[in-house]
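Hi there,

Here is the structure we talked about. Have a look at it first, then read my notes below.

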Amino acid sequence: MKILVTESIAADAIQYLKDQGFEVEEYLGHKQEEIEEYIKGFDGLIVRSATKVNENLLSNADCLKVVGRAGNGIDNIDVKACTAHGVVAVNTPEANIMAAGELAVAHAFAIFRNICAANQGVHTDDFRRGNWIGNELEGKTVGIIGLGRIGSIVARKFRGIGMNVIAYDPYVPQEKFDMCNVKRCKELDDLLKESDLITIHTPKNKETYNILTKTELYKCKKGVRIVNAARGGLINEADLAEALTSGQVAAAAIDVFDVEPSYNKEPGSQNFDNPLIHCPNCTITPHLGASTQEANHNVGAKVTELVAKVLKGELVAAINMPSFSGNMAAIKPYVSLAEKLGKLYFQAESASVSKIDVTYGGKIAEQETGIVTLSLLKGVLEGMGKENVSFVNVNETVKEIGIKVVESKTAEVAKYTNLISVKFFTDDNRVLELCGTIFGQETEVLVSFFGYEMNFELAERFIAMQNKDVPGVIGKIATILGNSGINIGAMHWGRKADKSSDKAQSFVAVESDVSAKVMDELKAVPEVLKLSYIEL
């Protein structure tokens with residue numbers, strides 16, 4: 001599988017992907033239009049903040065399965081479009097939060113102490129220190145807009161240098177404010193009126209875009225200082241430039257713009273302008289929030305791990321996956337079992353399905369099972385031969401086909417501590433049931449197959465056979481497989497629970513592929529009634 005990397009990540013992260021067997025191509029410094037054309041043929045895409053994963057790019061991607069955002073924000077990812085195209089979108093929300101938080105604090109020191117202006121003066125032979133007298137932060141009030149992961153780090157660091165910390169965030173519970181020892185502002189205006197320094201740490205969305213405009217800036221104390229190291233567009237840049245010129249805002253520090261420049265062009269070739277660039281009391285850095293050795297390593301390592309897992313078919317917490325607040329490690333064995341039950345149906349049975357009824361019994365019923373059901377349906381669709389099926393587009397695909405899905409739970413279940421029971425309602429008015437359980441930590445066992453009682457540990461490949469319940473069948477089957485050089489890993493025969501049938505159901509786990517010729521030989525055994533080769 002091929003992975004395209006359009007923005008720089010740590011070299012050891014690239015090497016990790018190569019060590020995992022992926023073909024990796026770094027395609028750095030290219031225009032958006034070039035990337036949109038070049039994406040064809042790649043299974044994975046890794047970006048940072050500049051590359052736009054939009055409808056154009058996704059429409060041109062002919063085999064893309066996963067997009068990895070090396071960083072926290074997802075402003076450049078069209079999540080809805082990713083879902084529509086069946087592309088899993090992942091990011092690394094924890095990997096660079098310390099770097100982003102520390103940059104905001106560094107910017108605050110810089111604009112209170114005029115560090116950047118003084119440095120520039122000295123480098124032009126101006127040592128008149130009286131020109132750059134600043135102010136101390138201790139005892140001042142900092143207002144933090146957004147008390148999430150990064151905002152909390154910033155609050156802790158500012159509290160550590162003796163500042164009074166207040167914050168506005170209508171979505172964070174009071175407990176979080178108490179834990180951070182931060183005074184809560186119920187309204188944004190309250191924060192604006194009290195703050196000597198304002199720093200913003202919110203995502204960029206409809207509610208936060210231009211959260212600070214001329215109206216808000218002139219509600220602040222005259223001489224307020226402002227930091228935006230979060231997302232461009234949170235502050236109206238033209239209004240901020242005007243307030244900086246008038247002196248309403250004494251100084252500002254900006255790491256991000258609403259419309260970003262290219263971060264790879266050589267000096268002199270950049271075609272970019274912004275009113276803030278022309279304000280001498282505005283300190284500007286080129287989107288350095290995650291630009292530390294530690295963060296670069298962390299985001300690279302995490303995003304490549306997530307992308308690799310998705311391409312290997314493993315379950316990860318994705319941006320466009322249904323929310324899941326349970327224990328992922330505890331639910332993972334059931335996710336795997338459910339997908340295999342789904343794959344098994346259409347490899348063993350050709351009848352189309354109008355309804356799927358899944359029941360979770362026992363221990364699994366105590367868990368959130370939405371992801372387990374998605375995994376079951378993913379297996380069903382893959383068994384049908386559907387391509388580009390992922391956790392993010394399973395529901396839409398099932399609805400398009402017209403299959404009704406019902407999920408239920410029960411605390412009590414006979415014999416087993418946990419049980420997944422799946423009933424397939426066929427178009428020819430039959431109900432076929434598959435049941436599986438987890439023994440121990442992760443042993444997946446099929447315990448019921450279309451009415452036959454089983455105790456078969458699911459294997460990577462096996463033969464499912466219905467045969468006459470008479471002596472000698474095992475010997476004939478084993479002989480054919482042995483003569484073909486196919487080793488049998490396990491074998492299990494089951495009968496109907498009520499012993500009413502003269503048929504038996506068998507499963508034979510094999511340790512190598514079974515050719516069509518061998519399958520024909522097995523089907524020719526007189527006692528064999530139905531035969532399927534299953535690959536999970």
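**A hairpin to start with**

Strand β17 (residues 443-449) and β18 run antiparallel to each other and pair over 4 bridges. Strands count as paired if DSSP finds at least two bridges between them. Helices (H or I, at least four residues) and strands (E, at least two) are DSSP runs, numbered from the N terminus. Before I go on: this is a predicted model, where local features need pLDDT of at least 70, side-chain atom pairs count only at pLDDT 80 or more, and totals for chains, interfaces and linings use all residues. Residues are numbered from 1 along each chain as its sequence is written, and side-chain values use heavy atoms, with hydrogens and water left out.

Back to the hairpin. Leu 446 has Phe 456 in β18 as its bridge partner. With 2 residues between the strands, the hairpin of β17 and β18 has Phe 450 at a positive phi near 50 degrees. Strand β18 (residues 452-457) has two faces: Tyr 452, Met 454 and Phe 456 are on the covered one, while Glu 453, Asn 455 and Glu 457 are on the uncovered one.

Most residues other than glycine have a negative phi. Asp 125 is not a glycine, yet its phi is positive, about 70 degrees. Asp 125 sits in the loop between α6 (115-123) and β6 (141-145), and it counts as exposed because its relative accessibility is 64%. (Buried means under 20% relative accessible area, exposed over 50%, partly exposed in between, with a 1.4 Å probe and protein chains only.) Asn 210, also not a glycine, has a positive phi of about 55 degrees. You'll find Asn 210 in the loop between β9 (197-200) and α10 (214-217), and at 25% relative accessibility it is partly exposed.

**The core**

Which residues have the most contacts inside the largest nonpolar core? They are Val 90, Ile 356, Ile 420, Phe 449 and Phe 462, in a core of 72 residues. Helix α13 (residues 328-348) gives the largest share of this core, 9 residues. A nonpolar core here is a set of buried Ala, Val, Leu, Ile, Met, Phe, Trp, Tyr and Cys residues joined through side-chain atoms within 4.5 Å.

Asn 467 is in strand β19 (residues 461-468) and counts as buried, because its relative accessibility is 2%. Leaving out residues up to four places away in sequence, Asn 467 touches several others, including Val 473, Trp 493 and Leu 529; contact means heavy atoms within 4.5 Å.

Pro 322 lies in the loop between α12 and α13, and at 39% relative accessibility it is partly exposed. Pro 322 and Val 392 are 70 residues apart in sequence, but 8.0 Å apart in space, C-alpha to C-alpha.

A search of the whole structure turned up 1 cavity of 30 Å³ or more. The largest cavity has a volume of about 40 Å³, and among the residues lining it are Asn 228, Gly 233 and Leu 276. On a 1 Å grid over the protein atoms alone, a cavity is a set of points where a 1.4 Å probe fits but cannot get out, and lining residues have an atom within 4 Å of a point. Grid points are joined across faces, edges and corners, and a volume is the space filled by probe spheres set on the points.

Cheers!

Conventions. On a 1 Å grid over the protein atoms alone, a cavity is a set of points where a 1.4 Å probe fits but cannot get out, and a pocket is an open set with protein on both sides within 12 Å along at least five of seven lines; lining residues have an atom within 4 Å of a point.
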